[in-house]
Each structure stands twice: as structure tokens, then as C-alpha cells.
Amino acid sequence: MKKILPALIAHIAVILAIVISFGVISVTADRSASGNEKFTGVLERNVTLHVLENNTAKEQGYLKELLDSFNERYKEYGIKAVDANIDQYNDLEQSGPFGYGPDVLYQANDAVMKYVDGHHILPLPLEKIACKDLVSENAWSAYEKNIDQQSYTFGVPVNIQQPLLFYRKDLLPADWETEWDDNKNGIPDMIENWSALYRFSKQIRQESGGKKYGYMQSLCDSYFSSGYLFSFGGYVFGGEDGTDTRDIGFDKGESYKGAKIVRQLASVMNMECTEFTVSDNRYSRLAEGTYFATMTTPDVYTMFIREMVNKGYTEEYAKENVVMVDVPQVPVSGDLEDESLGFKDMTVMGGVNGYAISSYTSYPNAALEFVNYATSYKMVKKRYELLGISPARKDVVDEIGGLHKEINDNLDGNSIYVMPSVRATAQIWPPMENFFSLIAGDMLENKNVYSTDEALKNGLKKVSKDAYDAIHTLSGS
Amino acid sequence: MKFKAKCKSFFVKLKNKFVNFIKQLPFKFKSKFAGAKEIITQGNGKVMSSFAVMGLGQLLYKQWAKGALFLLLQAGFILYFVLSGAADLFGLFTLGQVQGDAWYGIEGDNSVVMMLMGILAVIMIIFYAVIYTANIKDVYRTQCCADTLKPAAGFKKEVSSLLDKNFHKTALTLPVIGVCVFSILPIVFMILIAFTNYGGANIPPALVDWVGFENFGRIFSLGEFAPTFFKIFGWNLLWALLSTAINYFGGLGLALLLNKKCVKGKAIWRAFPILAYAIPGFITLLGFKFMFSYGGPINYYIQAAGGEAVGFLSVNSKWMARFIGLGVNAWISIPSTMLLATGILSNINTDLYEAARVDGASSWKQFIKITLPYVLFATTPVLITQFINNFNHFGIFYFLRDASIRSEGYFLANNTDLLINWLYRMSIDNNYYSIGAAISLVIFIITSLISLTVYVLSPSYKQEETFR
Amino acid sequence: MNKAKAKVAKAKTKKVLNVAITYCILIVVAFIFFFPCLWLILASFSKSGSIYSFDGFFPSEYGFDAFKSLFTDTVMYNYPKWFLNTLFIAVMSCLFGTLLTILTAYCMSRFRFKSRKAMMKATLLLGMFPSFMGTIAVYLIMTQFNLINQQWGLILIYSAQAPMGYMVQKGFFDTIPYSIDEAARIDGASNFTVFVKFILPLSKPMLVYTALTSFTWPWSDFILPKMLLIDKDLYTVAVGLMSLGETEFARFAAGSIFIAIPIIVLYFCLVKYMINGMAAGAVKE
């Protein structure tokens, strides 16, 4: 016995000693690493860059052109860019740290800026970006963030996303020039202001016996419907740069007027507007003439054309008659049936898509070179031609003019409310969507719970509170 | 009365069981340590050397292969501790000290990974202890053989015993390792997460810390939490009971129907439910969601017939959506219950029915007196598992209802959410991993207590031994 | 005489009525189960991809476009590749999963070792933990083993988690009389030989049942592959189908049909075994 117990104790002691000593070594080890400047300007050679692009760019063949011409140009350096071939919404926060993310990514500004807190994307050296002066200040600001009193830029804007009104020109009433053009400017009233569009939709519904609709939209889709709130003083987050998540402002200003408009619009639709059904079926419904107009972003233009062709129209006819225009104006009174106070521009929710560079790339300089190449005049123009996007580059926009110029001006004139570039943005949508589908259903089913301004105000207050709860209540911070 | 008495006897049994368990504890411990004491007092020098270094005693007994194997294991474990085990174990307590910063290429500590590797290190230590004890027991056995001049089992023979007497050890090694790593480790991980501040903005590369019971305190102090919890819990219980019953009796009924003598072409009739069985669940669910939507075919026909569109699954529906959920779940689950019931029915002794028919019992009586008791008895374990699966049925309402729907009086939830859906909203949609883990721990304790008691008291558990 | 005739006639009508009602119910049941499937099949033959160009349940125009694009238009959605991936993962997981489950169940049924009861209770408890909560941990484990974005990683998880569901199989082994083992052991067979030579041939229905269930799970699972496979060319069909756009319903339906077919065929070939296997596993007398 005397020998065995000591042996056991000795064994345990040795194991413990090993564990403790190596454990302590690991805890006390000095691991202060060097903070090297990543963008040295020296191109890495013989490397492969993985580029994440969105699905449309891939589908329409733009990505292939981009990669081919880039690879041709940088052949001598041995730099090769390839399609990362991963989901377009890939979360860099999850894949990046473990080495499975792309080197260069193309995503919307809110998605990109979500990565900033964890330092998953690199701050870009503005002086080394070629299109620095060619993109408007507001587009840049979507990718800017102040950290310790210093402003950093995390992405290069390529395209401005804003909802547009899509309508069928051939479904305009034949007499619109005399009957539907009060101000005689040669533009139909129904695409100029919501009141006329509302009246026209009502008329279509009546005349067709409820079989056809004028303006149709999934009103519950807060990306589109929140614009009405913003037009009357509502906002998502307050604070200086619109990122103070403790100040949620859906109920601020006279935003209830916007909610009232949403509720009125529901009356010319059907219950499908309380779900995402319309977002899915509008392509075929517009093509078959059941809907006259809808609101969505320009990147889906080709889907409308495809459905028109499916329905037997020629492509030329389709392109001629499916028209995108800037969103109509809202009545100042906040009541679609009261035009006495005139109209004002609508503020819409929008976004800026652009390129960012992953912090986990081993070739930051080559990646930066790629971003510069992809945002060059030539490639942005190509992107516009193939995908119909609204470029953020002034020189390209000036050349194209028309609607895309208007969109750029909207951004400059602050009538695009750029999606807040903070991570909590994702948590504001559910309560909003719930509210919009409640008020739309309220109108259509004649429940009249939300028929008063007071009820709408309270409803919006609840939305703000729910969003606040989702973001803060449980986090304990 | 009968029910009351049954309940009473149930609780008495439970109490007795518990009391017995406590009473037996000291004996259990004693008997455990008796063996250890014997080895410590009786062991000789070679046993001692195995105490000091694994396998040394075996080598001294000239059991070369076995000794070498143990020695190798000893070296392997020490190497593991030196290389990463020790650091991982310490990491479990510190959860990291250096915050990573990808901008400057600072690797930093990933607290969550550290926690995971720390748990793995603990598992490895337990594993080490198990092997260490096995090593000592083995050498002591050899000593006993040597003392009584019996020849010790050769290495070859011991290896071949792994295919015979100890076949279970061989066969269970892989499954146990697999289950440890991919089932137990994640669960321990989630339980530990409940005691940290992981979630919200506090995710890697930010460092996560232990916070003790803070999350539980926050849950119970939150005014909105309790009402929502009990509403959801009530519905969850109702859902589990109803859906288990519907699926069970639906499947049984269908099997009985197909078992009727007058039904010709059984294989073909049986094919239709099997068709439903073969389509993956998420496709079925998406299909049903569309079918019941405002733009879906059912509303198309309602409107074509001049009716008003019905919001089966919309914001305002409550019981309608719940019933559709039950129905869809039945559509998905009845086929498998049917197959099960068909098999069981084919095993019933037909003599019983013959006798019943001679006595003039109606077919209903036959069902109540013979079929049902038999089937119920045969499927108790299946019923328990089905109940648990239904209780935690995540997919049905996740796919059927829009994610954004929130109901009045519910905190971050809607009126069809089950507890698991609510958990998902909190932990995945809203990033509250730690809170989600804390709630799931609470739910887990409740459900597991209930079902473990039921299981231990169930006839199939008790009769397992009498079976042979 | 007349009375007896009437009685016979009455019994006959009763019988006819019984048969008629039985068949009515059967037809209704068959319709309920068949109709959604039929709808899916019809949808896949719709000419326009969008589900909203349907008249109620029925497409307004029929065509093979969806199937054609499913197999030819592979730039964005490489369905044939996904199909092969899924097949590979499912077959491998099925092989390993079945092996491990059968072994576990056999041991739990035939051996009485110290930790047995504890293990049985533990598996029951573990099954009750909300599984998605563990997925975060599974992802992290896989990153540490460098198995993200690899099909073998998935196979490993599916096979490793399969033994958790050994209960049905154990029930089956419990019903095989112990006398078979004893007789064989008297002849000098080891436990391993008993298992391979005597028990396994007797448990064919259970083997088939286990193989089928461990095949269908990876075949239609969505959550794990979505999390662990990053490269689009490695996707399984379930993940790939979910990534299709909303307007591609016909293609979605066509893709769904192709993943349903192998399972249907398997079930039809093996339905006898299935029924026997499930029943035997549940029965405990």
C-alpha cells in the first residue's frame, strides 16, 4: 500500500503539472502582433482572387466578361480572378474567419457594413481608388464609418438601388392626354403622383368588375412601403449619422400620414397585398395585363421582359411598353383623396451596392487592383448595358442621362433614404412588415381598427417599440 | 375514481423510487470503492509501476504488446496535453484574452471555438481516466493470475475476446465516439453558452465572457417573457398531444381500413400515402403554404365561386392556421404510422378474433377489446418518441407562416409558434444565442423530467428484462 | 322461407354497403394523399415557369421546358451535379450509418454491461434537446477539423448521429430468440460470428428499414448541407432547390420530382421489409 498510493499521487501530480504548466504558458504567452499596412501598393504575383458577385451579374453574363477582361489585362502579373461560386448572400462573418470566404465581394451597403464591427472587411485607402472623385458624396457615405474620430471607407459604390415605378404604357387609357394630364406636361398624371394613380386604379377595378388592378404591390414589403413613412418625417435610426439604434423613429414626424397612404392604397388592391404574393406574381400579372403598375428595383427589369415574351409579345414591344420611371409624388396632405395642398417628392428606401475586400484575403493589393478595374468607366458602363443598373459613377451617368441621372440626383438630393449601415437593420423589418400587412388587411376587410390617425400613430409607436425590443431588450446592453 | 387512484399510485411509486435511490447511494459508493481499495492494498510492485506509468507493469509481466500499447497511449495523451490539451483546458476558463483584429492580421482568440475545444479537452481527460483505470485493472488481473499460478490471458486471446466476450466494446467504440463528438459535445456547448454573454453584438472576434446566471435572471425579470412563455407552452403542449393523437389514430385507422378483407389491390391503395411519404418535407410544406396563401389555388376557387378570399395563414388567423398546421403534419406523418400499424396488425394472433367471433362480439367490440390494447401496448416507445418529436416540431410553422408575423400579446413571436420556433427567432434571427440557450435549457429540463419519468415507469422499460 | 331470404338479402345489402363505404373512404384518402403530388407533377410540366400563370391548380399551358432547363441550363443551377452530390452523400451516410446503428442496437440488446442503462437513458435525454441549438457547435467543430465545404464532413456527421436512433432496431433484436445465440455458442461460435452468421441474416427487414431511413434523411435534409457546403458545385439538391428564384416554380417542381422518384422506387421495392421491420421493432411482448 505504501508504494501504490504515492505512485498514484505522483502520476496525477505529473499530469497536473504538465497541464498546468503548459496551460499557464499558453495563457501568459505574449501574442502582440504587428500591425502592418496591408495596402503596400506592391502587387502580389501569381495569385488567384475569388470574387463573389450577385446572381444577376452571373446570369446575364456580365461576370464572365469582367473576369475574362481582367484576367487578360493582368496576365503578365499572374493575377487571376475567378468566380467564388458561393451564395450571393454569403455571410463573410461566418465563412471569412475560417478561410472559406471570398477575397472580393459585391453586396449591398447594409450587408457590407454589417461586417465592419468585427473588422471582417478592410478599410480602403481612398487615395488609391481610381473612381474616388467620380462618385457622389452620398454614395460614399453609405460605406463610411467613424471609428475613434476617424472616418474609414469600406466599399466602392457601383450601383444605386432605389424602387421605381414599373408600368405598362400600352395599358394607359387612350384619352390620357386630355383626361389624365391636368398640368399638360405630356406626362400622364398617374405616373406623376399617387393621388392620380390611386384614382386610376380605382377606376380600373370598377370597370373590370374587380378582375383587373391598377397599382399593385406587396404592401407588407417594408423595403417599399417604408418610403411613405420617410416622406413624412419618419426614420429608421436617429442620431447624427442615422445609426443610433436606441432612437427608432417609425412614429416620428407625421409618419402616420404615410401609413394612411399605405392603407388607402390597399383599398384598390386585394388581400394578396398583405403577403409577399404580389412580389412573386407581378411579373406574370403585369405581362398578362392584370396589373397596370407596380414598384420594384431596376435589377429585375429583365424578368418583366422575359414574362412579356412568354406571353407572346415580341421583345421590342415589351421593352417599348414596360416602362420604369421615378416614383410618383405624394400629396402633402397625407390623404390620397385630398390634392388641395399639392404634392411633394417621395422619399424612398434605397441602397448602394458595391465592392468590398475581405480582411482575410492574402492578396489585398491584387484585390484592390481588381476593385479598381471593376469600377472603371469601361466595366461600369458594361454593367449598365448588360444589367440595366443605375451606375454610381458620374461620368457614366452623365453619358446615359434620363432616369439614371434622376436616380443619382435623388441620392444627392436626399430623397433616397439609404439603408442604415448597421447590423441591427435586419431586426427592424419583421415588426414593420407585420404592421403594414395589418393595416392593409384592416382596410380590405373593413375592420376599421386603423381608420383614425390616432390608431395609426399608436400602431407605429408599437412598431418602434417592437423593433427596439428585438434589438435591445434581451441584449442587456 | 379509478383515474385518481392511478395517479396516486403513480406518485407513490415515484416517491418510493426516489427514496430507494437515495438510500442506495452510500452502498453504491462503497461497492465502487471496495475494488479500488483492494487494488491499492493488495497490489504488488508491478501494479505500482503501472500506477506510475501506464503499461509499465504489463511490460514487467512480459506482456509486450499490451504494455507497449498502453505506453503508447500514455505518450499520446501527454503529447496531446502538451501540444493543445492544456491550453484548451485553460481556454475554457479564460475564454480568450487577445481580441482578434483581421485588419492588422492579429489572429486573436475565438472565445466560442476555445469553449468548444475546452469541452473537448475535458472529454479527453475523462477518456484518459477511463483508460488509466482500465490499465490498472488489467495489470491487477494479471497479478491475481500470477499469484494463483493461473496462466494469464495472452495478448492474442485478449484481442480475440474483443470479437467475442467483449464484442460490445469493439462494436460500440465508434458509435460512442461519434455520439460524443457530434451529439453530446454540441449539447454541452449549448448548455455552457447559457452562462456566457455570447450573442447580440458580442460575437467573435469580440471576446465572450462567463456571466453566471445573469441570463436566467434576465429572462425571469423581463415582464413580457412569462406571459409569452406560458401562452406558447400551453399551445405547444396542446399541439404535441393533438398531433400525436391525430397521426396515431389516423395511421391506425388507415391500416385497419386497408386490412379489411373486402379491399382488393391493397398494394395500390397503400401506394398513395407512400407517395406523400417520399416527397421531402420542405417541398411539401412550401407547396402547402402556397396552396393556402391569398394568391393560391384554394382562394382562386373560392373567389371563382363568388366568395371572399380567406387568409388561412395570414396575420389575423389563429385557430385556422393552427388547424392547417395539424392537418399538414398529419398529411406528412400518417403514412409512416400507417406502415407501422400495418406491420403490427399482421402480427396479431388471428385466433383471438376467431374466438371473439364465436362469442358473437361485434367488430367494434373486437377493435376495442383486442386490437387497440394490443397495438397500444406494442407501440408505447414509439408513441413517446413521436410525442417528443411533435413537441419539438420546428419545420411545420417555420415553413407555413411568414417569418415576420407577430401576434398581439406575444414577445417576438406569433400565435402558432412552438417553443422551438420562438427559440429560433431569438437565437438565430435576433442573435441572442446565450438567452436562447438559457431558455432551451429551462425547456429541456422540464420536458426531460416528464418524459424520463414516463419512460422509467412505462411497462416496456420495466419488462425489458422479463422479456427473455 | 321468405323470412330467411329476407335475412340473407339484408345481410347482403349490409355487406355491399360496408364494401361501398370502405371504398368511398379509400378513394377520399387516396385523393387527399395523391392530389398535392399530382399538383406538383402538373406544375413541373407548366410551360411558363411562374406558378402564378396557373388557373387554380392547373397550368394554363403544358410543356417540357422546366425539365429541359433543369438539365441543360447549368450555369447558375447545376442540378445534375447536385443530384450526384446528394446521391454520393446519401449512399455513403447510408452505408456507415446503417452499420453503426445496427451494431449499437445489437450490443444494447444482447450485452449486459455496466453503463448500459445509463447509456439508454442518456440517448433518450439527448434526443429531447432542441437540435438546431447544436448546429452552431457542429459548424465550429467542422471548422476545427477542416471539414467545411467537403462532402465527407457531411457524411461523417450523418453517420455519427445515426446511432442515436437505435431504439427501433434494438426492439427488433430483442424479439430474436436468445436460444439462437446459445445454440450457436455451444457450437463454439464467438459473439462476432453469431452476429454475422446468424443474427444478421435474420434481420434483413430491419437492415432494409435502417438503410432506408438513413438514406432518406441526408437525401432530403436541408439544414446541415446549407450550413456546411459553401461552394455551389458541392450543393445537395435540397439546398440547390431552395436557392432557386421565386419565379422558377416549375423548375422547383421538376427538381422535387426527381428527388422524390428514387425514394418512391425504393419504397415500392422494399415496402414488405419496411412493414415487417418497423412492426418487429416496435413490438415488445
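How many of the 468 residues of chain B count as buried? Select chain B and colour by burial: 41% of its 468 residues fall in that class (a residue is buried if 20 or more other C-beta atoms lie within 10 Å of its own, exposed if 12 or fewer, and partly exposed in between, with C-beta atoms placed from the backbone).

Before moving on, some housekeeping. This is a predicted model, in which local features need pLDDT of at least 70 and side-chain atom pairs count only at pLDDT 80 or more, while totals for chains, interfaces and linings use all residues. Residues are numbered from 1 along each chain as its sequence is written, and chains are lettered from A and ligands numbered from 1 in the order in which they are written.

**Stop 1: chain B as a whole**

Keep chain B selected and switch to cartoon. You will find 20 helices and zero strands (helices, H or I of at least four residues, and strands, E of at least two, are DSSP runs numbered from the N terminus). Along the principal axes, its C-alpha atoms fill a box of roughly 95 × 80 × 45 Å. The radius of gyration of chain B is 30 Å, whereas a compact globule of 468 residues would have one near 23 Å (taken over C-alpha atoms; the globule rule is 2.2 Å times the number of residues to the power 0.38). Among contacts in chain B between residues at least 6 apart in sequence, 64% join residues at least 24 apart (two residues are in contact if their C-beta atoms, placed from the backbone, lie within 7 Å).

Now pick Lys264(B), in the loop between α9 (225–259) and α10 (266–278) of chain B. Lys264(B) is exposed, because 9 other C-beta atoms lie within 10 Å.

**Stop 2: where chain B meets its partners**

Show chains A and B together. Here 49 residues of chain B are in contact with 51 residues of chain A. On the chain B side, α1 (2–42), α2 (45–52) and α4 (64–94) each supply at least two residues, and α4(B) gives the most, with eight. This side of chain B divides into 31 nonpolar, 13 polar and five charged residues (Ala, Val, Leu, Ile, Met, Phe, Trp, Tyr, Cys and Pro count as nonpolar, Asp, Glu, Lys and Arg as charged, and the others, Gly among them, as polar).

**Stop 3: the loop at Gly127(C)**

Centre on Gly127(C), in the loop between α4 (116–126) and α5 (135–144) of chain C. Is Gly127(C) exposed or partly exposed? Gly127(C) is partly exposed, because 18 other C-beta atoms lie within 10 Å. Leaving out residues up to four places away in sequence, Gly127(C) touches Ile388(B) and Met164(C).

**Stop 4: two domains in chain C**

Colour chain C by domain: domain 1 (2–65) and domain 2 (71–282) (the bounds come from an automatic or database domain assignment). Their C-alpha centres lie 34 Å apart. The contact takes eight residues from domain 1 of chain C and nine from domain 2 of chain C. The domain 1 side has four nonpolar, four polar and no charged residues.

**Stop 5**

Then select helix α18 (residues 429–444) of chain A, whose 16 residues reach 23 Å from first C-alpha to last, close to the 22 Å expected (1.5 Å times one less than its number of residues). Since 15 of its 16 residues are buried, α18(A) is largely enclosed by the rest of the structure. After α18(A) comes Asn446(A), with a positive phi near 55°.

Finish at Phe370(A). In the largest nonpolar core, of 318 residues, Phe370(A) is one of those that touch the most other members, a group including Val104(A) and Leu116(B) (a nonpolar core is a set of buried Ala, Val, Leu, Ile, Met, Phe, Trp, Tyr and Cys residues joined through C-beta atoms within 7 Å). Neighbours within four places aside, Phe370(A) is in contact with Leu49(A), Val51(A), Phe70(A), Ala81(A) and Val104(A).
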